[in-house]
Amino acid sequence: MSYQTERQRLRDDAEGKAPWRLWGPYLSERQWGTVREDYSASGDAWNSFTHEQSRSRAYRWGEDGMLGFSDDKSFLCFAPALWNGVDPILKERMFGLSNPEGNHGEDVKECYYYLDATPTHSYLKALYKYPQRPFPYEWLLSENRIRSRQEPEFEILDTDAFDQGRYFDVFVEYAKQAPEDIWIRISVINRGPEDAPIHVLPTLWFRNNWSWVGSQGADIPKPSLRATAQSVTAEHSRLGRYLLLADSSPAAGGQDPEWLFCENETNNAKLWGGANSTPWPKDSFHEYVVGGRKEAVNPAGQGTKAAAHYHAMLAPGETLEIRLRLCREELVGDASFEPFDDIFNRCREEADAFYQGMARPQDAQVFRQASASLIWSKQFYYYRVEEWLKGDPLLAPPPGHTQGRNRDWKHVFCQDVLAMPDKWEFPWFATWDLAFHTVPYTILDPDFGKNQAILVMREWYMHPNGQLPAYEYDFGDVNPPVLAMACRLLYQVHASLGDKDFHFLRRVYPKLLLNFTWWVNRKDARGKNLFSGGFLGLDNIGVFNRSMTLPSGVVLEQADGTAWMGLFCTDMLALSLELASQDSAWEDMAVKFFEHFAAIERSLNGPGGLWDETDGFYYDFLRSAQGDLPLKVRSIVGVLPLLAFEIADHEKLLGLNEFAARGQWFVRNNPAVKERFVEHTRTGPDGKPVKRHMAALASRNQLERVLRYMFDESEFLSEHGIRSVSKLHEKHPYVLDIAGQHLEVGYLPGESDNTMFGGNSNWRGPIWMPINFLIVEALRRYYVFYGDDLKVEFPTGSGNLVNLDQAADALTERLIGLFRPNPEGYRPCHGAYERYAHDPHWKDLILFNEYFHGDTGRGCGASHQTGWTALVSTLAFQMEWKAEHRKSLEEIEAMAHREH
């Protein structure tokens with residue numbers, strides 16, 4: 001098998017030859033409790049549509065299921081449902097606590113893992129662990145309810161749900177023989193010591209889009225599922241006709257499933273005491289299997305929801321294997337399952353070939369599961385804001401709903417597959433998360449990454465004023481402007497191998513320019529090139545809520561807001577220079593961003609700026625008529641200015657006459673910038689001298705002073721990465737007494753101890769992968785400029801002098817080490833759970849959390865946020881290239897230029 005097999009599928013899809021991406025893992029893990037399903041007067045999304053209601057109430061804007069699969073509009077959805085004979089409900093979706101129920105906000109309370117995936121979804125594999133005891137719903141609710149914010153979350157692994165191995169491993173696999181011919185295997189293994197019953201219901205259903213009258217008032221044809229000899233025929237006006245077939249041959253256990261049918265319609269009688277539109281509503285399978293009500297399903301064998309019901313008593317170690325096939329009707333052929341094993345074996349081998357050599361042997365498992373989790377986190381996202389605000393005949397909104405959240409974003413019309421942060425905890429896009437999600441796709445699927453960046457800047461996302469939507473709860477909030485960084489990486493990684501996609505650059509550049517202009521006009525309160533922006537994705541990092549409305553005459557100028565705008569400038573400068581290499585007309589824009597960057601640098605570092613010369617660090621400042629107040633929290637906010645710099649080869653600049661001439665004039669006539677607009681000559685990879693120019697927010701002296709803090713293990717440097725707040729504040733919290741309030745920031749390495757921004761995230765000490773990734777990238781790029789002429793202690797005070805590429809390597813090893821087992825078998829990300837260290841059925845499973853404990857590396861927050869935590873795969877990929885060639889990334893890039 002060849003790596004090129006999957007690459008060819010990607011090319012065929014991109015060229016319109018075969019729709020390999022039409023079907024994928026696009027089904028959300030949670031649709032209840034979302035803003036989209038909230039039609040309440042109060043805007044309380046969590047209580048407007050609860051988990052308890054989800055099995056009986058039809059969704060308006062999406063669907064959910066466990067480890068599911070759907071087309072790219074989720075018209076037709078597939079997912080398994082389970083019952084162990086003792087649970088009070090049929091297990092059709094993941095259970096978790098809502099934000100008000102958890103002591104640290106919302107949190108899924110299930111054990112499931114994404115194990116393998118290819119970018120075209122030609123092969124997918126995931127695992128769900130289903131307890132044989134009654135699922136501890138009430139135990140999880142009650143224990144978390146009584147725990148304080150200072151205590152850890154109570155997880156399902158803290159209950160007895162998996163003791164004595166009394167659970168089922170439920171493996172779900174998908175393999176594509178063709179783009180619209182999907183073979184499905186569900187393997188249920190009894191890990192317990194005794195015989196145990198299991199009901200498995202592979203379920204096929206249509207998303208309900210027929211019960212609601214659209215904004216144009218047009219009725220939507222209702223699709224249908226109907227029984228046909230050991231199969232179900234699915235007919236849809238847009239998709240056409242598909243068949244779901246079940247294998248009853250001896251190879252599959254010889255069991256003929258019982259086919260059940262109902263409608264994907266709300267059980268009004270149960271929920272509201274009203275009339276039902278059908279005798280067989282959405283929760284009929286629960287009533288049939290768990291409630292024993294045989295009349296609960298449609299005897300005519302038709303509906304909009306169908307399931308193949310399997311029931312078995314499994315001995316210890318025994319496996320129930322269910323074989324299914326979902327395909328377009330004309331592709332069925334003889335309907336034989338004879339090629340089933342060959343198809344799965346081939347797809348697995350092709351997946352192995354695709355991933356071969358992408359990471360060092362010690363990182364291969366981390367790389368593959370991180371990549372799989374990223375791919376599994378794709379989700380169909382549907383949200384038409386204007387229609388949602390108006391409501392529907394069946395969902396007439398209460399008074400005031402039309403003036404509710406996102407009312408200024410009525411143009412938003414999302415109906416797309418997006419890379420989600422976490423399909424349970426955050427089943428909605430956030431623009432700055434999405435920017436980071438695209439980065440690992442530079443390796444896995446560059447076209448998908450580019451299309452995600454293009455999509456979020458299209459006119460049905462971006463506001464007419466140039467603002468990008470932040471996240472579902474408030475599109476008008478402000479995320480860090482990192483999309484230009486993502487676009488730059490999406491372009492440069494492949495440009496270094498000879499694939500210069502100028503069409504992509506020309507497409508994204510004008511939209512990025514609109515967004516840059518919005519930032520300049522809206523977030524520079526005093527017009528002095530010192531920017532605010534509020535929380536900027538860093539939630540509780542400030543001593544107070546930085547998004548709050550400040551008293552009249554008081555302005556907050558933020559080191560991170562200003563740093564992000566400096567980075568935005570340098571990324572736009574780089575894109576401008578690249579475009580100028582093909583068309584000199586772009587040199588004017590390069591000059592514009594060069595000079596704008598210089599203006600930001602002067603404001604940041606000059607009088608009235610944000611640099612504290614005594615401390616050697618950057619801080620936020622409160623400005624008012626009473627004076628200036630530095631907010632001396634030593635946090636990642638003060639490190640971010642190091643990220644904003646640009647390097648250019650002297651030879652390249654010689655070909656850009658207008659830009660070079662203007663740049664030289666500007667530096668000559670602005671002597672104050674010379675400390676940060678510098679040139680340096682060093683020996684290149686080929687042994688010849690290389691002259692380069694650099695423009696940076698931080699001078700070399702400032703860089704070295706901040707790095708001393710950053711690499712100090714008593715401050716920012718943890719065994720597992722760079723902390724978000726210095727450990728200094730553990731014993732010396734920052735205190736601010738202002739306006740009658742006593743405010744304090746201490747070092748808090750784990751979960752948050754307050755409710756700021758929901759309380760489920762914490763930036764006061766933990767390690768966050770996206771910031772660490774940007775730091776690693778910056779260190780490597782600084783090395784390109786300084787080489788061995790700049791060395792620092794790593795760690796500070798150790799006497800171990802390294803260049804900045806070596807420092808990046810050392811930091812990368814700490815970050816990847818979060819997910820590797822230590823000599824005792826424990827992966828830091830899993831904390832002290834014994835199962836993950838020594839149980840053969842647990843020890844190879846990896847979770848990629850939202851953030852990580854600043855001291856121990858234990859995973860915190862969302863447990864499946866492989867959106868941006870998948871950046872560890874990019875770091876692992878870089879280390880493989882360096883190990884293979886035993887060179888720095890600069891040398892690898894130079895080698896690639898020579899080879900191509």
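Tutor: A residue is called buried when its relative accessible area is under 20%, exposed when it is over 50%, and partly exposed in between, with a 1.4 Å probe and counting protein chains only. Helices (H or I, at least four residues) and strands (E, at least two) are DSSP runs, numbered from the N terminus. The model is predicted, so local features need pLDDT of at least 70 and side-chain atom pairs count only at pLDDT 80 or more, whereas totals for chains, interfaces and linings use all residues. Residues are numbered from 1 along each chain as its sequence is written, and side-chain values use heavy atoms, with hydrogens and water left out.

The next matter is pairing: two strands pair if DSSP finds at least two bridges between them. Strand β3 (residues 76–83) pairs with β10 over eight bridges in the antiparallel sense.

Strand β12 (residues 231–236) runs antiparallel to β13, and six bridges join them. A hairpin of three residues connects β12 to β13, and H236 has G240 in β13 as its bridge partner. Strand β17 (residues 319–328) is joined to β13 by five bridges, also antiparallel; the partner of Y242 in β17 is R328.

Another part of the chain holds an open sheet of three strands, in the order β20-β23-β24, with antiparallel pairing. Its edge strands are β20 (555–557) and β24 (627–631), each of which pairs on one side only. From one strand to the next the twist averages 25°, where axes are lines fitted to C-alpha atoms (for helices over the stretch in contact) and angles run from 0 to 180 degrees between N-to-C directions. Three bridges link β20 to strand β23 (residues 620–624) in the antiparallel sense, and L556 has L622 in β23 as its bridge partner.

These strands belong to a chain with 25 helices and 35 strands. The radius of gyration is taken over C-alpha atoms, and the globule rule is 2.2 Å times the number of residues to the power 0.38. The chain has a radius of gyration of 28 Å, close to the 29 Å that the rule gives for 900 residues, so it is as compact as a globular protein of that length. Its C-alpha trace spans about 85 × 65 × 60 Å along the principal axes. Of the 900 residues in the chain, 64% are buried.

Contact means heavy atoms within 4.5 Å. Among the contacts in the chain with a separation of 6 or more, 72% are between residues 24 or more positions apart.

M462 gives a local example of a buried residue, at 5% relative accessibility. This residue lies in the loop between α12 (446–456) and α13 (483–495). M462 and H411 are 51 residues apart in sequence, yet their C-alpha atoms are 8.7 Å apart in space.

Finally, two loop residues have positive phi without being glycine. Q164 has phi near 60°, and N406 has phi of about 65°. Q164 is in the loop between α4 (137–146) and β8 (167–178), while N406 is in the loop between α9 (385–390) and β19 (413–419). Q164 is exposed, with a relative accessible area of 53%, whereas N406 counts as buried at 6%. In a further loop, between β32 (791–793) and β33 (801–803), lies P795, which is joined to F794 by a cis peptide bond with omega of about -10°.
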